[in-house]
Amino acid sequence: MRHLLSIEDLSREEITAILDRAESFAEVAGRPIKKVPTLRGRTVVNLFYEASTRTSSSFELAAKRLSADVVSIRSSGSSVEKGESLKDTVQTLSAYDPAAIVIRSPHVGAAALVARWTAAAVVNAGDGKHEHPTQALLDLFTMRRRLGKLRGARVWIVGDVLHSRVARSNILGLQAVGAQVTVCGPPTLIPRDIEALGCAVEHSLDGLHAADVIYALRLQQERMTGAFIPSLREYAACFQIDGRRLRPGQLLMHPGPVNRGVELSADVIDSPQAAIAQQVEAGVVVRMAVLYELLAAEPPTSSPTRPAADMPASNASQREHAPAASSASAHAEATA
Ligand code: NCD
């Protein structure tokens, strides 16, 4: 894998390998010293041209926990405000010889453009309403942990599907691992050709009881150019997930940020059925796994069973034996 621009860049096997790798990093995250030396001496540039709390902080933490040098740039306060183009910014930052550039942009296709302008590996951290592949991976990680498996899981994605890069990446990622996806929302917020992606479409929550996972989406008001809903109150009356609509046993997810009282009621956000905090936690270890796959994984021609010396093993049986040894070596290298 050279870049991660779309979840479609990954096969089912590659998705599973990233989730397994993330499990091994979750074990590292439970240690007092959460760092491994994998990317020591290498540079990761985070370039965020759009608002972000979770994605930017977790990419930063992920790179730091892999011991990379990290440069984080936001459009506000940078030379972008002085009119510098994306291409010139990327070329300027490429002078630092980064191993990876993580980019979030309001423009569809921005990450793919950056990949043409730099020798670094590029990770798409959200390009307009197009894709957000690492969000889909962390959602799959969270679902797999909570449900035990992904194949056959029935997932309802509810809300503003039209403007959501998270919905698109999740539909594709979930189907790649054998889950069944239904998207649900008012007709104005469901893209016309969405069935072509292989999901079912509903315009009411009547069948919601059949879902194993309810994945609620925020209304992306910043991407709306007209009136897509009559009012927030009417939208909430038809599509808000609240204590009456959430059935016992169903898992509730949301990528954040949540608009309390719009797509979710306050009681369900704070219920044990909600995995919203686990999704945030998963963001760090899954992004560590993505950076690892892009920058440090052994090429496929070498032995696939032997883990890198400075990494905890990624399969369960190896994991049982790995922590003590890798913890000691990680600590020794981190403090060397
Ligand atoms: C999402 C995004 O930016 O696309 N958030 C995120 O990455 N955690 C969803 C959203 O903003 O609603």
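This is a predicted model: local features need pLDDT of at least 70, side-chain atom pairs count only at pLDDT 80 or more; totals for chains, interfaces and linings use all residues.
Okay, let's start with α9: this helix gives the most to the lining of the largest cavity, five residues. Residues are numbered from 1 along each chain as its sequence is written, and side-chain values use heavy atoms, with hydrogens and water left out.

Helices (H or I, at least four residues) and strands (E, at least two) are DSSP runs, numbered from the N terminus. A cavity, on a 1 Å grid over the protein atoms alone, is a set of points where a 1.4 Å probe fits but cannot get out. A pocket is an open set with protein on both sides within 12 Å along at least five of seven lines, and lining residues have an atom within 4 Å of a point. Grid points are joined across faces, edges and corners, and a volume is the space filled by probe spheres set on the points.

The largest cavity has a volume of about 90 Å³. Its lining includes Arg-54, Ser-58, Gln-135, His-254, Gly-256 and Arg-287. Besides α9, the helices α2 (54-65) and α5 (133-147) each supply at least two residues of that lining.

Gly-256 turns up again in the second largest pocket, as one of the residues nearest its centre, along with Arg-104, Arg-165, Arg-218 and Pro-257. That pocket has about 400 Å³ of space and a lining of 20 residues. The elements giving two or more residues to this lining are α2 and α6 (165-176).

Stay with those two neighbours for a second. The peptide bond from Gly-256 to Pro-257 is cis, with omega near -5°. Most residues other than glycine have a negative phi, and most peptide bonds are trans. Pro-257 sits in the loop between β9 (251-253) and α8 (266-269).

Next, positive phi. Ser-67 has a phi near 70° without being a glycine, and you'll find Ser-67 in the loop between α2 and β2 (69-74). Asp-97, also not a glycine, has a positive phi of about 55°, and this one is in the loop between α3 and β3 (100-105). Buried or exposed? Ser-67 is buried, at 14% relative accessible area, while Asp-97 is exposed, at 64%. The cut-offs: buried is under 20% relative accessible area, exposed is over 50%, and partly exposed is in between (1.4 Å probe, protein chains only).

While we're around α3 (residues 86-94), Gln-91 is in that helix and is partly exposed at 40%. Gln-91 and Val-114 are 23 residues apart in sequence, and 9.3 Å apart in space, C-alpha to C-alpha.

Let's zoom out. The chain has ten helices and nine strands, and 51% of its 336 residues count as buried. Contact means heavy atoms within 4.5 Å. Of the contacts with a separation of 6 or more, 74% join residues 24 or more positions apart.

Now the inside. A nonpolar core is a set of buried Ala, Val, Leu, Ile, Met, Phe, Trp, Tyr and Cys residues joined through side-chain atoms within 4.5 Å. The largest one has 65 residues, and those with the most contacts inside it are Phe-25, Leu-137, Met-143, Ile-157 and Val-183. Which helix gives this core its largest share? It's α9 (residues 276-295), with eleven residues. Domain 1 (7-131 + 280-297) and domain 2 (133-278) both give residues to this core, so it lies between them; those bounds come from an automatic or database domain assignment. Take Leu-137: leaving out residues up to four places away in sequence, its contacts include Leu-4, Ile-7, Leu-10, Val-286 and Val-290. There's also a second, separate core of 23 residues, with Leu-219, Tyr-235, Val-262 and Ile-269 among them.

Last topic: disulfides. A disulfide is a covalent bond between the sulfur atoms of two cysteines. Here the test is a pair of cysteine sulfur atoms within 2.5 Å, and a search of the whole structure finds zero. Cys-184 is buried at 0% relative accessible area, whereas Cys-238 is partly exposed at 44%.
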